[in-house]
Amino acid sequence: MSKPKMGPQDLPPPGGYPAFPFDRVKLRNFLKGPWTVAGFIALNIVGFRLYYQNWVEVRRDMIADKSAELAAFPIVYAENDRAMLKYLKQLHQLEEDIMKDFPLWETGTFLGEPVYKTLPEDTYVEPNAAELYAFTDPYDLPLTMKARIRF
């Protein structure tokens, strides 16, 4: 165990401790009214100039993006149409293969009659989803079709 302190007790310094400052200290004003208004106006002028430059650049980028998008859309639509026609051809061949044992069956007709009697034979009619996905397993349908069909 340690020994207790021997000798005189700690006392305040002679003359006492200095006074504790508790009075209000006012802040210094660096900017007066006119300088504050002038700084606000200058900041707005610089800010609007920078905003306008940024807006011009963003607008130019938006126009470039939109023109690239418009240039690519015909290619994307053509590829989509090509893939759909390829798939329709596969469906036509599948129907012929399935119905080859039925001599009166004509592929692409309804009981031997054309589906679209009033249209010329070389007119393209875009198939609806039921025709397009007739032989597809319901769990293999695209997500857009699954949202419309309830199992």
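**Group meeting: the largest pocket and two residues**

Okay, let's start with the pocket: the largest one holds about 1100 Å³ of space. It has 26 lining residues, and those closest to its centre are His92, Gly108, Thr109, Val115 and Tyr116. If you ask which elements give two or more residues to that lining, the answer is helix 1 and strand 1. Helix 1 gives the most, with six residues.

Before I go on, a word about what we're looking at. This is a predicted model. The mean pLDDT for the protein is 84, with 93% of residues at 70 or more. Among the elements, helix 1 has the highest mean pLDDT, at 92, while helix 3, residues 143–148, has the lowest, at 57. So much for confidence.

Now, back to Thr109, one of the residues closest to the pocket centre. Thr109 sits in strand 1, which runs over residues 109–110. Is Thr109 buried or exposed? Its relative accessible area is 18%, and because the cut-off for buried is under 20%, Thr109 counts as buried.

My other residue is Leu70. You'll find Leu70 in helix 1, residues 33–98. Leu70 is exposed, because its relative accessibility is 53% and exposed means over 50%. How far is Leu70 from Arg28 in space? They're 42 residues apart in sequence, and C-alpha to C-alpha the separation is 61 Å.

So, to recap: a buried Thr109, an exposed Leu70, and a largest pocket with helix 1 as the top contributor to its lining. Happy to take comments.

Conventions:
Residues numbered from 1 in each chain as written. Predicted model: local features only at pLDDT ≥ 70, side-chain atom pairs only at ≥ 80, totals over all residues. Heavy atoms only, no water. Helix = DSSP H or I, 4+ residues; strand = E, 2+ residues; numbered from the N terminus. Buried < 20%, exposed > 50% of the residue type's maximum accessible area, 1.4 Å probe, protein only. 1 Å grid on protein atoms, 1.4 Å probe; cavity = no way out; pocket = protein on both sides within 12 Å on 5 of 7 lines; lining within 4 Å. Points joined across faces, edges and corners; volume = space filled by probe spheres on them. pLDDT = per-residue confidence, 0-100.
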